[in-house]
Amino acid sequence: MRRRTLDALLTTGGLIVAAVLLVVGGLMTWASSFVDNEVHSQLSAQHITFPAKGSEQLNDPLVKPYLEQYAGQQLTTGAQAKAWADHYIKVHLDESTGGKTYSELSAAARANPDDPKAKAMVDLAFKGETLRGLLLNAYAFGTMGTIAMYAAWVSFIGAAAMLVLALLGFRHLRRVPVEEEVGHGSRHTAVKPAIA
């Protein structure tokens with residue numbers, strides 16, 4: 001095979017890889033933007049606001065270290081949703097239910113169906129755990145959006161690198177003699193066998 005043919009194939013392959021990486025980067029950028037917009041709009045619609053700085057709610061040592069950075073802000077991001085779910089809702093649910101889960105409270109309520117307090121605790125746990133789950137889903141999707149953004153950056157960097165290599169390949173292609181074969185370059189001289 002001629003060296004120029006191989007170089008042309010490899011260089012063209014590099015251009016194709018660069019184009020694919022550009023498409024992947026564009027799709028990942030779109031995915032990241034879509035997820036971020038959806039998470040923001042869905043969370044904003046809930047009108048959840050973190051307690052103000054210095055408020056009694058933020059003085060709780062189980063809450064303060066996690067929520068103080070968001071004091072007074074509206075909940076609009078996945079990271080904020082996780083903080084609210086794990087360090088506000090869960091803390092208050094644990095206080096109200098004695099740390100019992102929905103399934104534990106439900107089992108107790110089924111064992112004593114005439115106890116209105118047990119039924120109320122089941123309702124409270126169900127609502128609290130459902131809200132926590134929804135907020136944690138927003139956090140998960142927000143994290144996927146961030147990962148998609150990083151993947152887009154890597155794809156664009158890879159595309160740029162492949163494009164530079166392809167351009168260098170085309171430049172090199174012009175310097176290779178037309179008749180040069182792969183493995184038998186013009187710089188190699190054939191060794192003649194010695195005659196005995």
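How close do the axes of α3 and α5 come, and at what angle do they cross? Keep in mind that this is a predicted model, then select the two helices, α3 (78-97) and α5 (116-173). Their axes come within 8 Å and cross at roughly 165°. With angles over 145 degrees counted as roughly antiparallel, that makes α3 roughly antiparallel to α5. Look at the handedness too: the crossing of α3 and α5 is left-handed.

Now show the side chains at this contact. On the α3 side, pick residues including Gly78, Ala81, Trp84, Ala85, Ile89 and Leu93.

Next, click on Trp84. Beyond its neighbours within four places in sequence, Trp84 touches Ile48, Thr49, Phe50, Pro51, Leu67, Leu75, Ile89 and Leu135.

Trp84 also takes you into the largest nonpolar core, a set of 20 residues. Highlight Leu43, Leu67, Leu75 and Leu135 along with Trp84: these five have the most contacts inside that core. Colour by element and you'll find that α1 (3-44), α3 and α5 each give two or more residues to this core, with the largest share, 8 residues, coming from α3.

There's a second, separate core to visit, made of 6 residues. Select Leu105, Met121, Val122 and Ala125, which are among them.

Last stop: trace α3 along its length. At Lys90, α3 bends by about 30°. Carry on past the end of α3 to Gly98, where phi is positive, near 70°.

Notes
Residues are numbered from 1 along each chain as its sequence is written. This is a predicted model: local features need pLDDT of at least 70, side-chain atom pairs count only at pLDDT 80 or more; totals for chains, interfaces and linings use all residues. Side-chain values use heavy atoms; hydrogens and water are left out. A nonpolar core is a set of buried Ala, Val, Leu, Ile, Met, Phe, Trp, Tyr and Cys residues joined through side-chain atoms within 4.5 Å. Buried means under 20% relative accessible area, exposed over 50%, partly exposed in between (1.4 Å probe, protein chains only). Helices (H or I, at least four residues) and strands (E, at least two) are DSSP runs, numbered from the N terminus. Contact means heavy atoms within 4.5 Å. The bend at a residue is the angle between axes fitted to the seven residues ending there and the seven starting there. Axes are lines fitted to C-alpha atoms, for helices over the stretch in contact, and angles run from 0 to 180 degrees between N-to-C directions. Angles under 35 degrees count as roughly parallel, over 145 as roughly antiparallel, 65 to 115 as roughly perpendicular and the rest as oblique. A crossing is left-handed if the near helix is turned anticlockwise from the far one by less than a right angle, and right-handed if clockwise.
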